[in-house]
Amino acid sequence: MNLAEDPRWRRFNDHGFHCRCCGKSFSGIFDLAYDHPDPWLHGSFRDNYGDDVRVGGDILGSDICIQGDDYFVRGLIEIPILETEKRFAFGVWSTLHKDNFEAYLKAYGTQDELLIGPCFGWLANNLPHYGNGGFLKTEVIFRGGGQRPRVNVWDESSTLKRDQENGISFDQLLDLYAVAGTDIRPHLLEG
């Protein structure tokens, strides 16, 4: 059966469908995001009600983080969903060299971001299902115009790199959601 014929896919993308057990409805693919890099020691951005977290010289904002001599930017690892034009994304943090970080700050939110990089970094989040422990080699590509940077995984041995390049099935997407604590499969049964 192709994806277009899969009733779970149709329900997943149907705003009018409601789960028979709880009434939950869906609007399609949703991303999984981290509000801070794993090495960050001072609490989460979310717990600070969306305000920057500042502790001494360390700072965590919605898109940047500085902790001691470490510099991080928030970006997206985008993964195509097979048989669709859609993409799932992990909102992750990657390290950047100080010079690249400062260039990004200077160009932040403008088309001048396109003049930076691509830049080398290290993934700073442990992603469920991939068990990478973080610290995979990455390439950070700035897109300008207020878009978060794209983060490409470079580590040839990583399943994450393979999935980013080749895509994943709808069932693999459902597995990712389940491992991250949001198992929606039971909600996609006939209503």
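Me: What share of the 191 residues in the chain is buried?
Reply: Buried residues account for 46% of the 191 residues in the chain. The model is a predicted one.

Me: And how many helices and strands does the chain have?
Reply: The secondary structure comes to 4 helices and 9 strands. From the N terminus on, the order of elements is α-β-β-β-β-β-β-α-β-β-β-α-α.

Me: What box do the C-alpha atoms fill?
Reply: Taken along the principal axes, the box is roughly 55 × 35 × 30 Å. The accessible surface of the chain is about 10000 Å², and 48% of this surface belongs to carbon and sulfur atoms.

Me: Among contacts between residues at least 6 apart in sequence, what percentage joins residues at least 24 apart?
Reply: The figure is 56%.

Me: What is Phe90 in contact with, leaving aside its neighbours within four places in sequence?
Reply: Its contacts include Leu32, Tyr34, Ile77, Ile79, Leu127, Pro128, Tyr130, Leu160 and Leu176. Gly75 and Leu76 are also in contact with Phe90.

Me: Phe101 brings me to helix 2. Which residues of helix 2 are buried?
Reply: In helix 2 (residues 98–107), the buried residues are Phe101, Tyr104 and Ala107. Seen down the helix axis, the buried residues fall within an arc of 135°, so they line one face of helix 2.

Me: Why would residues three or four places apart point the same way?
Reply: An α-helix has 3.6 residues a turn, so residues at that spacing point the same way.

Me: What covers the buried residues of helix 2, and what is on the face turned away?
Reply: The cover includes strand 4 (64–67), strand 5 (70–80) and strand 6 (87–96). The face turned away from the buried side carries the exposed residues Asp99 and Lys106.

Me: Which residue with positive phi follows helix 2?
Reply: Gly109 follows helix 2, with a positive phi near 80°.

Me: Changing topic: how many salt bridges are there?
Reply: The count comes to 11 salt bridges. One of them joins the side chains of Asp63 and Arg148, at 2.5 Å from N to O. Asp63 lies in the loop between strand 3 (58–60) and strand 4, and Arg148 in the loop between strand 8 (137–141) and strand 9, so the pair ties together parts 85 residues apart in sequence.

Me: Are those two buried or exposed?
Reply: Asp63 counts as buried, at 12% relative accessibility, and Arg148 as partly exposed, at 30%.

Me: Which residue forms a salt bridge with Glu78?
Reply: Arg143 does, with the closest N and O atoms 3.4 Å apart. Arg143 lies in the loop between strand 8 and strand 9 and Glu78 in strand 5, so this pair ties together parts 65 residues apart in sequence. Both Arg143 and Glu78 are buried.

Me: What about Lys161 and Glu165, where do they lie?
Reply: Both lie in helix 3, 4 residues apart, about one turn of the helix. Lys161 counts as buried, at 10% relative accessibility, whereas Glu165 is exposed, with a relative accessible area of 52%.

Me: Which residues are linked in a network of salt bridges?
Reply: Asp6, Arg8 and Asp171 are linked in such a network.

Me: Now the surface. Which residues form a nonpolar patch there?
Reply: Phe120, Trp122, Phe135 and Trp154 form the patch, with about 410 Å² of accessible area together. Phe120 is in strand 7 (residues 119–122) and counts as partly exposed, at 36% relative accessibility.

Me: Finally, where is His187, and what does it touch?
Reply: His187 is in the segment after helix 4 and counts as buried, at 16% relative accessibility. Not counting residues up to four places away in sequence, His187 touches Phe17, Cys19, Cys21, Cys22, Lys24 and Phe26.

Terms used:
Residues are numbered from 1 along each chain as its sequence is written. This is a predicted model: local features need pLDDT of at least 70, side-chain atom pairs count only at pLDDT 80 or more; totals for chains, interfaces and linings use all residues. Side-chain values use heavy atoms; hydrogens and water are left out. Buried means under 20% relative accessible area, exposed over 50%, partly exposed in between (1.4 Å probe, protein chains only). Helices (H or I, at least four residues) and strands (E, at least two) are DSSP runs, numbered from the N terminus. The arc is that of the directions from the helix axis to the C-beta atoms. Contact means heavy atoms within 4.5 Å. Patches are made of residues with over 30% relative accessible area and no salt bridge: like charges are joined within 9 Å, nonpolar side chains (Val, Leu, Ile, Met, Phe, Trp, Tyr) within 5 Å. Accessible areas come from the Shrake-Rupley method with a 1.4 Å probe; for residues, only the protein chains shown count as cover. A salt bridge is a side-chain nitrogen of Lys or Arg within 4 Å of a carboxyl oxygen of Asp or Glu.
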